[in-house]
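Dear colleague,

I am handing over the structure below, with notes on what was found in it.

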2 protein chains.
Amino acid sequence: MNAPHELTSAVRRPAPESLHKALSERFGDRVSRAQAVRDQHGRDESPFEVAPPDAVVFCESTADVAAAVELAAQHDVPVIPFGVGSSLEGHLLAVQGGISLDLGRMNEVLRINPEDLTVTVQPGVTRKQLNEAVKHLGLFFPIDPGADATLGGMAATRASGTNAVRYGTMRENVLALEVVTASGDVIRTGTRAKKSSAGYDLTRLMVGSEGTLGVITEVTLKLYPLPEAISAAICHFPTVAAAVDTTIEMIQLGVPIARVELLDANAVRAVNKHEKLSLRETPMLLMEFHGSDSGVKEQAAVVQGLAHEHGGEDFEWATTPEERTRLWTARHRAYFAGMAARPGCRTVTTDACVPISRLAEAIGESVREADDSGLSYYIVGHVGDGNYHVAYLIDPKDPTQWETAERLNLQLVRRALRLEGTCTGEHGVGLHKQGFLVEETGEASVEMMRTLKRALDPKNILNPGKIFTL
Amino acid sequence: MNAPHELTSAVRRPAPESLHKALSERFGDRVSRAQAVRDQHGRDESPFEVAPPDAVVFCESTADVAAAVELAAQHDVPVIPFGVGSSLEGHLLAVQGGISLDLGRMNEVLRINPEDLTVTVQPGVTRKQLNEAVKHLGLFFPIDPGADATLGGMAATRASGTNAVRYGTMRENVLALEVVTASGDVIRTGTRAKKSSAGYDLTRLMVGSEGTLGVITEVTLKLYPLPEAISAAICHFPTVAAAVDTTIEMIQLGVPIARVELLDANAVRAVNKHEKLSLRETPMLLMEFHGSDSGVKEQAAVVQGLAHEHGGEDFEWATTPEERTRLWTARHRAYFAGMAARPGCRTVTTDACVPISRLAEAIGESVREADDSGLSYYIVGHVGDGNYHVAYLIDPKDPTQWETAERLNLQLVRRALRLEGTCTGEHGVGLHKQGFLVEETGEASVEMMRTLKRALDPKNILNPGKIFTL
């Protein structure tokens, strides 16, 4: 596996003064070389050291993005799109230098089509902002990574979250994109039609391409009617295995559950402390059911029955919207809760995803290894998808802890691959998983990806050094 | 728009004797140059004239496919994958000559994983064969183009059908592929995990690429548990508009209907005659509800209420599996029923798909234009997706009828594009829609597709002349 520090030592292509001058002429005070601004744009939520870009351009329109990319291309200098910086995989680090394109000001919800359940947004709109904008229409957008990420960033990493088990990921929920290509051209990748067989699926080629094939400047998404009935429940289990087995069975039965999240006792403990909750500190499932009144009751009854068979207790219901929001907010903040539990620590997060029948084996062995290691850790997971995050909390100054975490990560990923899974369910490859990607998909497939990259970005200026090196 | 006869006059690259010799050595009597075999592989269900390949290789394994592609590449000769020949867009015509790869013998269901709701098949397995193979496990595969197409062909055209409104298309239901590349290498594009952020989405790049980026040699698909309750209903309406308005409202309300198909009076008439049914010959919706017993009743009650408001009559229920099968078989055979209604005719089929709110306008104006034209026509549609097929029945020897049908087609597609839709919801671009593709997505997007094609297939041997010309 490539360690991040090896990647960051890749050849730098610093912006020459002529580029700074051209950017300054085009963007005036919307381009910054201040160290604080550069540092802020050269880090993310990953445990890696800051790798600042040479300058940051605050883009306000597609034309701005196109102009910035064109200037960067003329000078052979990288460009790195930036949303809110919530990547967990080092996507935003300027490992080869270059210009960060801050798209945070492109934050308009451009067009809501409630009659078609679609919306078009600028890339800097965040998931919470979008949901605020469509709530009064009785609609919602389900994809919810922990952070309040931007829709552009979420599309770029093929993000998912807690609702994916029912509503799919960004792969299924992006209808069309506007993209600035490596040459500064602006293309559209689809229409608002629900389905299409019109040529290559450029939308899904861009979704998950981590900024390496184009800069996303507009996103057209599916929306969903708020369900007639929503109810959230907590179920405590004697062991992680019991919670996982319950999950496997509900998925195999085809229960259309909207959310089913695992928290191990460590995660519950951290969340309790950080969010001032008083959840019992045992492994638990946090669930949500969507549907008609009777449909929700039916689903819950089936799942409660399965849970009982595995020693799960009676559901505790969150009946009001406020209670539900409190619980889900706590879940979304688990990452920060985990870090707060050990001040000064960093988190090495895993993101494997396996076929549902393999989940018990995948998580069970990872728990044993983590326990044996002596490292602090916790587990959360979108277990209905077979996706689980073991987060190792390490002292960044202790190389032994780094190494132990990386060894556990490697073992966990190799196990997931052996169980026919993937090294990353939703975070992306970024800097850290490049070796895993090759193990997962084979050198020939990665070479096909490189061929696509070379074809669409011959100068290698779009977020170079991410996913793979050329 | 490019007329098919212009495309078929593209430069031919006939197989030299040295290639025939090499194929003969490698494949023995599994390669054929017999005219009848070549003719059979140079046509499909489109109205275009036969364009036979120079030879047909009957492949029995991935190694066979790789060997054939490698030999073709050495001789700079096209290869065209062939399933059952049910394309409606000329995908199988050897417009530049070359070798047809018949994958019909690669028809094994390789691995069923009921515990994960996945299955892996060879590309020559048909949708009916697959459903037979998984029925005893209480599972089904929903994607159902009218023909009993192969899964390889369905993946290659991003097919859908009557269940897509609830279960999605091949885009959403292919988990992973094995693909033979233009150089004869074999790659895998994914795992059996339900979701992944591991690099570029090669699976979806191949799905819908119509044989132009690789030859699909294995398909891993999602399966679904057979619903606890299924009920099918027919509802007659006074007008097509009333049926369409009812559909729009049920989709906007979020009713999770499994199938909702429009047949206009002409389609009902043709189906009655061809299938010996006695449906009342008015516009109708043929619907199916999946879910729990109570869920199905709830859905049906909502839709019946909407239908009544638009003058729809009381539902007629198909309660037994046999009745349901009879109705859906009739729907699937509508294409042949339409042709049988006018012996000797050919069908020019449209395949537009628009956002659901635009469907009434899209279909309404197309009906008026078709009525005014004097051509025979009928309409069927997967209207829950906004996808509708106006099929013009023409005498192939009458150039005026050809021209009229093409004019209506053009008007219909331009209207769909104006309404933010696509020229093809499920049939693909093939030969016939290449001009439409440019109108829909813009020259820059098509140029990006060409760039991808040149990168992955530098000799342009993979089904050349389809989707676009280079």
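In helix 10 of chain A, the buried residues are A:Val240, A:Ala242, A:Ala243, A:Val244, A:Asp245, A:Thr246, A:Thr247, A:Ile248, A:Met250 and A:Ile251. Buried means that 20 or more other C-beta atoms, placed from the backbone, lie within 10 Å of the residue's own. Helices are DSSP runs of H or I with at least four residues, strands are runs of E with at least two, and both are numbered from the N terminus.

This is a predicted model, in which local features need pLDDT of at least 70 and side-chain atom pairs count only at 80 or more, while totals for chains, interfaces and linings use all residues. Residues are numbered from 1 along each chain as its sequence is written, with chains lettered from A and ligands numbered from 1 in the order in which they are written.

Helix 10 spans residues 240–252 of chain A, and ten of its 13 residues are buried. Its cover includes strand 13 (259–263), strand 14 (284–291), helix 12 (293–309), helix 15 (359–373) and strand 17 (376–382) of chain A. After the helix comes A:Gly254, with a positive phi near 80°.

Residues 1–5 of chain A have pLDDT below 50. For the complex, the predictor gives an ipTM of 0.96 and a pTM of 0.96.

Regards

How values were computed
The expected span of a helix is 1.5 Å times one less than its number of residues. A residue is buried if 20 or more other C-beta atoms lie within 10 Å of its own, exposed if 12 or fewer, and partly exposed in between; C-beta atoms are placed from the backbone. Two residues are in contact if their C-beta atoms, placed from the backbone, lie within 7 Å. pLDDT is the predictor's confidence in each residue, from 0 to 100.
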